[in-house]
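I opened my notebook to look up a few things in this structure, one entry at a time. Come along and check each one with me.

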Amino acid sequence: MEVNVNDVVLPGDRVSSSNFSNLHKSSKILGPGLRLFEGQVYVSKGGVLKQNKLIFWVESQKKRYVPASDEFVIGIVTQKSGDYYKVDIGASELASLSYLSFEGATKKLRPDIKVGDALYTKVLTAKRDMEPELVCVDSHWKKGRLGFLNTNGFIFTCSLTLTQKLLSKNRPLEKMAENRKFEIAVGLNGRIWINADTEVVKPLINTILELELLSEEEINKNCSNIFSKNCKI
Amino acid sequence: MKFMKKTKDKVEKELEKKETEDLFSSQITDEMKFGKNFIIEPSIARCKELINGRLSFNGMNPEIEREMAADKEDRTNAPPQAKSVDVSDLEMAKFQMSITNTVAKKFQKKNERHSKVNVRPNNKAKFLKPNDDD
């Protein structure tokens, strides 16, 4: 069936070429859920077709993470094997993380990472036939905001859609913060790590889980009210 | 005969071309056939312009907040920074010109090099004979 932007789509639907023809000639970008086959664009997963200028993608409610390069995720070290750590990022396979891909690490000076530690990492490569590879440094070999997440924090899981809503351009987390002191790491693999005083942690988790069913506009409007309400309970 | 040979070569060439096309037809992707009209972007973070998910507020983790402040500064100052440059175009042109001269000199022959007009004048200090009239 031919579909247009903002339609509910199913795998196998063809995206009607009229969606592309009225854009000017520069290349269009196909995001997750769309596939090119014989010059036609087909949908490869169920959801809603979205467009932002030249970018097209399918938005869907997902709980299973499929690694994609350049995404920030929270991983838990499950194994040390030779020069690599095996890290669980919630994907179908464990990801590998070289001990050299930390800031200041050398062959002699290994980073102090133990099995069971949580890390905020970036997916470097994600190919269909290979295990995903992670790094804890940016392109300048600086750690930036990546790396070890301290053990005082609390990790919980949620849907992938919710993590995307939390990280939208409107910055709902910034609005919620106001004068409350907390530290958060949101991984696009559906894991959230929070470090704060005990009286903030519980309402913050409740608030985040409440946002699951709200749309992005509603979150933008109400997130700070919901958080304040939860803090009083 | 010569003219027959030419035709034979032509036919052979065509056959060879067809064979290679058949051989690699499975490896020619749609992209090669239809041109690069579409770019595939596997990450939703780029599509939705998501922000970095490691945040800290009100002094919980000063290290992260410093990074956040630096990012914010980059975001707000990005357009004017692109305009102001360390080296102006004129300076760059002058510098490039001097390099061209230096490199050109390297490829000249020795006698050519000396005959050049803008070579430094030979003002080597000569031995001055002492005046022994006194």
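**Entry 1: a salt bridge inside chain A**

I began with a definition: a salt bridge is a side-chain nitrogen of Lys or Arg within 4 Å of a carboxyl oxygen of Asp or Glu. I also noted that I am working with a predicted model. With that cut-off in hand, I looked up Glu131(A) and Lys86(A), whose side chains meet in a salt bridge at 3.3 Å, N to O. The two residues are 45 residues apart and link distant parts of the chain. I found Glu131(A) in the loop between strand E12 (118–125) and strand E13 (133–135), while Lys86(A) sits in strand E10 (residues 84–88).

Glu131(A) has a relative accessible area of 31%, so I wrote it down as partly exposed.

**Entry 2: salt bridges between the chains**

How many salt bridges does a search of the whole structure find over all chains? I got 15. I reminded myself that side chains of opposite charge can pair when their charged atoms come close.

I then picked out Glu59(A) and Lys48(B), which form a salt bridge with their closest N and O atoms 3.5 Å apart. Glu59(A) lies in strand E8 (residues 55–59) of chain A and Lys48(B) in the loop between H3 and E2 of chain B, so this pair joins two chains. Both Glu59(A) and Lys48(B) are buried.

My next pair was Glu183(A) and Arg54(B), with side chains that meet in a salt bridge of 2.9 Å, N to O. This pair also crosses between chains, from strand E16 (residues 182–187) of chain A to strand E2 of chain B. I noted Glu183(A) and Arg54(B) as buried, both of them. I also came across a network: salt bridges with shared partners join Asp70(A), Lys122(A), Glu41(B) and Arg46(B).

**Entry 3: chain A as a whole**

I stepped back to chain A and counted five helices and 17 strands. Its C-alpha atoms fill a box of roughly 55 × 50 × 30 Å along the principal axes. Of its 233 residues, 49% count as buried. I looked at contacts between residues at least 6 apart in sequence, and 61% of them join residues at least 24 apart.

Chain A exposes about 12,100 Å², and carbon and sulfur atoms supply 51% of that area. I listed 33 positive and 27 negative side chains in chain A, with the centres of the two sets 2 Å apart.

**Entry 4: chain B as a whole**

Chain B has six helices and two strands. Reading along its sequence, I wrote the pattern as α-α-β-α-β-α-α-α. Buried residues make up 13% of its 134 residues. Chain B exposes about 12,500 Å², with 56% supplied by carbon and sulfur atoms.

Which residues form a positive surface patch? I found Lys2(B), Lys5(B), Lys6(B) and Lys8(B). Lys2(B) belongs to helix H1 (residues 2–24) of chain B, and at 72% relative accessibility it counts as exposed.

A patch of negative charge gathers Asp9(B), Glu12(B), Glu16(B), Glu19(B), Glu21(B) and Asp22(B). I checked Glu16(B), and it is found in helix H1 of chain B. Its relative accessible area is 51%, so Glu16(B) is exposed.

I also noted a nonpolar surface patch of about 570 Å², made by Val87(B), Met92(B), Phe95(B), Ile99(B), Val103(B) and Phe107(B). Phe107(B) lies in the loop between helix H5 (89–106) and helix H6 (110–115), and it is exposed, with a relative accessible area of 68%.

Most residues other than glycine have a negative phi. Glu49(B) sits in the loop between helix H3 (44–47) and strand E2 (54–57), and is partly exposed at 36% relative accessible area.

Asn58(B) also has a positive phi, near 55°. I placed Asn58(B) in the loop between E2 and helix H4 (62–83) of chain B. At 38% relative accessibility, Asn58(B) counts as partly exposed.

Definitions and conventions. Residues numbered from 1 in each chain as written. Chains lettered and ligands numbered in written order. Predicted model: local features only at pLDDT ≥ 70, side-chain atom pairs only at ≥ 80, totals over all residues. Heavy atoms only, no water. Patch = residues over 30% accessible without salt bridge, like charges linked within 9 Å, V, L, I, M, F, W, Y side chains within 5 Å. Areas by Shrake-Rupley, 256 points an atom, 1.4 Å probe, with all protein chains shown as cover. Lys, Arg positive; Asp, Glu negative; His and termini not counted. Charge placed at Lys NZ, Arg CZ, Asp CG, Glu CD. Helix = DSSP H or I, 4+ residues; strand = E, 2+ residues; numbered from the N terminus. Buried < 20%, exposed > 50% of the residue type's maximum accessible area, 1.4 Å probe, protein only. Contact = heavy atoms within 4.5 Å.
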